[in-house]
Amino acid sequence: MRLDVFLNFDGDCREAINFYAEVFKVSAPNNIMTYGDAPGFTVADEHKNRVLYATLPIFGCNVMFSDCAPAASHIKGTNVALTISCADANEIARVYDALANSGTVHMPLGKTFFSELYGMITDKFAVTWQLSLSEHSSIHEI
């Protein structure tokens, strides 16, 4: 199992990516996926260039970046989600169920275009978690 960090922004994600790449002396990613690039997403033209997904390796940790969905509310300072990647579907389901107990489900556990099993929850302590089935979860094993 691997624990990563996911940062959300509201239209200034590219600027944040470039800033953190410079601060941590890593190369900015060339493969930034936008909402306009993603299969199954329908967004207005003015939102097609918002960042859906990008990643930077910072001190051996996978730091992921995204602009929030155009209709989502965004409050600066509350834009961090912890992401668990695991190769065991049963363990993903177990952790998901435990976190969902007394929490708020934002995305039910299910198949997406980027993962066979993915879900997003804010737990009872207001911590947001993303859980994803992954064949490769070796950056930081838990």
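Is Arg50 buried or exposed? I began with this residue, and at 13% relative accessibility Arg50 counts as buried, because buried is taken as under 20% relative accessible area, exposed as over 50% and partly exposed as in between, with a 1.4 Å probe and protein chains only.

**Ground rules.** I noted that this is a predicted model, in which local features need pLDDT of at least 70 and side-chain atom pairs count only at pLDDT 80 or more, while totals for chains, interfaces and linings use all residues. Residues are numbered from 1 along each chain as its sequence is written, and side-chain values use heavy atoms, with hydrogens and water left out.

**Entry on Arg50.** I placed Arg50 in the loop between β2 (33–34) and β3 (51–58); strands here are DSSP runs of E with at least two residues, helices are runs of H or I with at least four residues, and both are numbered from the N terminus. I then listed its contacts (heavy atoms within 4.5 Å). Leaving aside neighbours within four places in sequence, Arg50 touches Phe9, Asp10, Gly11, Met33, Thr34, Tyr35, Asp67, Cys68 and Pro70. A polar atom of the Arg50 side chain lies 3.0 Å from the backbone oxygen of Cys68. For such polar contacts I used pairs of N or O atoms within 3.5 Å, where within protein one must be able to donate a hydrogen and the other to accept it, and where residues adjacent in sequence count only if both atoms are side-chain atoms.

**Entry on the sheet.** I traced an open sheet of 8 strands in the order β2-β3-β4-β1-β5-β8-β7-β6, with mixed pairing; two strands pair if DSSP finds at least two bridges between them. Its edge strands are β2 and β6, each of which pairs on one side only. I looked up β8 on both of its sides. Strands β5 and β8 run parallel and are joined by 6 bridges, and Thr83 has Gln130 in β8 as its bridge partner. Strands β7 and β8 run antiparallel and are joined by 5 bridges, with Gly119 bridged to Leu131 in β8 and Ile121 standing opposite Trp129 in β8. β7 and β8 form a hairpin with 5 residues between them, and Ala126 in the turn has a positive phi of about 70°.

**Entry on helix α2.** I found that α2 (residues 89–100) has 12 residues and reaches 16 Å from its first C-alpha to its last, close to the 16 Å expected at 1.5 Å a residue, the expected span being 1.5 Å times one less than the number of residues. Which residues of α2 are buried? They are Ile92, Val95, Tyr96, Leu99 and Ala100. Seen down the axis of α2, these buried residues fall within an arc of 130°, so they line one face of the helix; the arc is that of the directions from the helix axis to the C-beta atoms. I kept in mind that an α-helix has 3.6 residues a turn, so residues three or four places apart point the same way. The buried residues of α2 pack against β5 (80–86), β6 (104–110), β7 (118–122) and β8 (128–133), whereas the face turned away from them carries the exposed residues Asn90 and Asp97.

Ser102 has a positive phi of about 70° although it is not a glycine; Ser102 is found in the loop between α2 and β6 and, at 55% relative accessibility, counts as exposed. Lys25 has a phi near 55°, lies in the loop between α1 (13–23) and β2, and counts as exposed at 74% relative accessibility.

**Entry on aromatic rings.** I paired rings of Phe, Tyr and Trp (its six-membered ring) if their centres lie within 6.5 Å, with planes under 30 degrees apart counted as stacked, over 60 as edge-to-face and the rest as tilted. How many aromatic pairs does this rule give? The count comes to 7. The rings of Phe9 and Phe65 have their centres 6.1 Å apart and their planes at 10°, so the pair is stacked. This pair links distant parts of the chain, with Phe9 in β1 (residues 2–9) and Phe65 in β4 (residues 61–67), 56 residues apart, and both Phe9 and Phe65 are buried. Tyr20 and Phe24 are also stacked, at 6.4 Å centre to centre and 25° between the planes. Tyr20, at 27% relative accessibility, counts as partly exposed, and Phe24, at 31%, counts as partly exposed. Ring pairs link Phe9, Phe19, Tyr20, Phe24 and Phe65 into a cluster.
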